[in-house]
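Please keep the 3D view open as you read.

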Amino acid sequence: MLRVIGCVVQKHDLGLVATALLVCILAALTSVRLLARGASSQTGLPTAWVAAAAVTFSCGVWTTHFLGMLAFVPGLPFTFSLSLCALSLAFIALPSRIAFGLWIDRPRSWSMAIIAGLSINAGIVMTHFAGMRSLRLPAVIHYDLVPIVVSLILGALLCIAAIRMLDRTHTVPAALLLTLAVSSVHFIAMGAVKLEPVAGTDVIPMSIAKSTLAILTVGGCLLILAVALAGFRLDRLMSTRLAAEARRFRALADATVEGLIVERAGLIIDINRAMCRLMGVEADKLVGKAVATVISGGVSLHPSSFDRAMEHELMLPDGGSRSVEVLWRNGPDPHGHVLAVRDISREKAAQLQIQRMAHFDQLTGVANRQLLEKTLQKALALSDRATVGIALLCIDLDRFKAINDALGPSVGDQVLVLTARRLSGVVRDTDTVARIGSDEFAVVQPLAGQPANAAALAERIVAELGLPYEIDGQTIMIGGSVGVALYPADGTTTLDLMTKAMLALNRAKREGRNTWRYCEPGMDSRLRDRRALERDLRVAVAKRQLYLAYQPFYDALTLRVAGYEALLRWNHPLRGNVSPAEFIPIAEESGLIVPIGQFVLETACAEAASWSRPLVIAVNLSPAQLAQGRIVATVDAVLHDSGLDPSLLELEITEGVLMDDTEQALTTLMALKERGVTLAMDDFGTGYSSLSYLKKFPFDKLKIDRSFVRDLDDNANGEPIVAAIIALSRSLRLEVTAEGVETPRQLALLRAERCAFIQGFLLGRPMLANQIDRHGIEAPMAVAELVETAGLETALTPLGR
Ligand code: C2E
Ligand code: CA
Ligand code: CA
């Protein structure tokens, strides 16, 4: 270091050194600015900028070098070799052109900076040593190796650093670093020079004098100055043009109605005024934020969505949102995009309004005919004939025309509005109410359990419309008629169902109005009958019309009474005795079976508890009672209240019940079983007869259905089937009761198969509670006689189970 400083101070003309440094700074600054401008130019040729920068920089380096040489005062006379002088200019021109070209084309990276930096440094070094070789003086030049290596390394590092600075468009530091590189290579190398004088070599051919070189270098300086001036002028011009262009672009962007977002790498770089208005905030609140925080769902910038408007939600700062259409294009910078954002919230609202108008009745707000048909069509498409029923109800106001004519259309409108409201009030959420004519309405009821549910709804509608309307202080009676059509019974298309429902409606109007009709006469009287029966059943318990009959069942071996099965009876005030086969299903569907079942349990258990002998009481349980979930508590309460020994209570459950909800059924049965109650599977053979159910559920007993017992008499297969069921039950440790035993032959065969219990008209019919004591426990003697006369006397000999 000291040697370098010493060399500069002692062996150089300091004025010229300062000039050299100034030239170098000027050249470096100019070339760097030219390069930076070339990089940001969008239209011009980058190569032209690179060439200009390379020329300036090379001239600068060369001039600096030779001014440095001119400033050198070695104490000996010297001249320069012309060819080497020229060559040394080429040595710097080529590498700097390559380095600048690389820099402008390639992505900015460390590896690129190292390659470019090393290339420039190589140029500087070659220029320096070519210049040294061009020295003609009466001495031999020796170099000190260490400073040379140091100058090489330092120069390389400075050049690389300069390129990195240029990457960040720090032009002034880049220029200073380049100047430092050039001067350090030159002056450190000069400090490493040792001259050994040699006599007689002072005149050299093809050389130029110092004065000529001075002129040349001054020429170089002037050239740099000219290029610099031209460059800066051009730069100024370009800058102002670019700024004007940017202002124009901004004005244009602000003038557009659409919101514009300039995006780069998912971030908002800029937005226009329309966008600010859309968002309701200033630009600076949005710039720098992720696009995804403003536009919902993220804008797909995949080329496939290029130029295609996509619908999005704009997320407003106040938490609200707004429907927009977003379209993107490539942006001015290659890594960014411009998103055009159009507010379509008004269009959306209008669309919704149009849709409402197309699908809903303006006056009443319920669906119109189109929507009703669509809904019905959808329900039909979705329905599975086996499980789902769909009902269509058409409704007509009975006295609408008269009221409308007498009281005016305004009252008429209010009647319609109130009617729509009443209808909406009586349907379920899944039903659709529609107005399909001036005073005609319709309901689609997509619900299982038809026709019962449609009948119930029709009845509710007739009742509701039969209530008086209070309008403008007047009480008006209107009434309505209803026609019902069912899918799939009456039709499988919208048109079929509509036609049938209208036919039914006309029938309802013909047959007295203020009523409802099903389209098929037989069906609707049956349905109405059923509805009437359901109504009557509701009050039957309270009116004490329900009572129990008790049918005995016998030990097959001894033919002594083992217990009684409680069977429900209904003494209807008008119809007389109604069969449980008729009213139990109605009670089950309407849910009435729960209170009725409780009545049966309470009555039967109380009755059994009063018997002097401990006989079993069998009570039938309905599926609805099991599903309802309270049966265990009910049984507990009944056992407690009656004081009946749980082992004397037998619950008969129909096989089919268990299919519905296996897990719940299992837990319920287990809980009942824990109470010590006996569980019997009723009507075995009529349901799925799944063996796995028999194994899975904790049954103690199985009742062979009457139909199998009947087959014992008139079917050759009867016997083996009954025998198989009994054998199977034995293997599963289940006792067997045969029900519906009507003949001595059936009795004898069942005894031969070792069936445990016998029930049927042969031995005992259902009887009233007060007949039980008289009936006693022995089988009637007549039975034994019958068995004998049938020639089956062996059947009565004890079989010894
Ligand atoms: P189930 O449980 O199979 O009851 C036996 C039915 O067969 C009774 O009819 C009984 O009178 C009849 N029966 C008994 N022996 C003979 C016979 O030898 N020949 C013929 N032809 N029939 C015989 P019922 O009383 O009409 O009951 C019918 C069904 O109603 C019962 O069938 C049962 O499923 C149901 N049920 C009756 N009472 C109740 C009850 O309190 N609750 C529930 N959930 N269902 C009941
Ligand atoms: Ca039964
Ligand atoms: Ca049965």
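Start at Pro 488, which you will find in the loop that runs between strand S16 (480–487) and helix H15 (494–510). Keep in mind as you look that this is a predicted model. The peptide bond leading from Tyr 487 into Pro 488 is cis, its omega being near 0°.

Two other backbone spots deserve a visit. Asp 683 is not a glycine, yet its phi is positive, at about 55°. This residue belongs to strand S23. Arg 733 is another non-glycine residue with a positive phi, here near 55°.

Now for the ligand. Where does ligand 1 sit in the protein? The space that ligand 1 takes up is the largest pocket. Around ligand 1 there are 21 residues, and the closest are Gln 551, Arg 569, Arg 706, Glu 742 and Phe 761. Sorted by class, this shell holds 9 nonpolar, 5 polar and 7 charged residues.

Which elements build the shell? At least two residues each come from strand S19 (561–572), helix H17 (580–590), strand S21 (616–621) and strand S23 (678–684). Of the contributions to the shell, that of S19 is the largest share, with 4 residues.

Zoom in on the oxygen atoms of the ligand next. Arg 706 places a polar side-chain atom 2.6 Å from an oxygen atom of ligand 1. For Asn 620, a polar side-chain atom is found 3.1 Å from a ligand oxygen atom. Asp 682 likewise has a polar side-chain atom 3.1 Å from an oxygen atom of ligand 1. Taken on its own, ligand 1 has 790 Å² of accessible area, and the protein covers 83% of that.

Let's finish with the charged pairs. How many salt bridges does the model have? The count comes to 24. One to look up is the salt bridge in which the side chains of Arg 435 and Asp 361 meet, at 3.1 Å from N to O. The two partners are 74 residues apart and link distant parts of the chain: Arg 435 lies in strand S12 (residues 432–435), while Asp 361 lies in the loop between helix H10 (345–359) and helix H11 (369–382).

Notes:
Residues are numbered from 1 along each chain as its sequence is written. Chains are lettered from A and ligands numbered from 1 in the order in which they are written. This is a predicted model: local features need pLDDT of at least 70, side-chain atom pairs count only at pLDDT 80 or more; totals for chains, interfaces and linings use all residues. Side-chain values use heavy atoms; hydrogens and water are left out. A residue is near a molecule or strand if one of its heavy atoms lies within 4 Å of it. A polar contact is a pair of N or O atoms within 3.5 Å; within protein, one must be able to donate a hydrogen and the other to accept it, and residues adjacent in sequence count only if both atoms are side-chain atoms. Accessible areas come from the Shrake-Rupley method with a 1.4 Å probe; for residues, only the protein chains shown count as cover. On a 1 Å grid over the protein atoms alone, a cavity is a set of points where a 1.4 Å probe fits but cannot get out, and a pocket is an open set with protein on both sides within 12 Å along at least five of seven lines; lining residues have an atom within 4 Å of a point. A molecule sits in a cavity or pocket if more than half of its atoms lie within 2 Å of its grid points. Ala, Val, Leu, Ile, Met, Phe, Trp, Tyr, Cys and Pro count as nonpolar, Asp, Glu, Lys and Arg as charged, and the others, Gly among them, as polar. A salt bridge is a side-chain nitrogen of Lys or Arg within 4 Å of a carboxyl oxygen of Asp or Glu.
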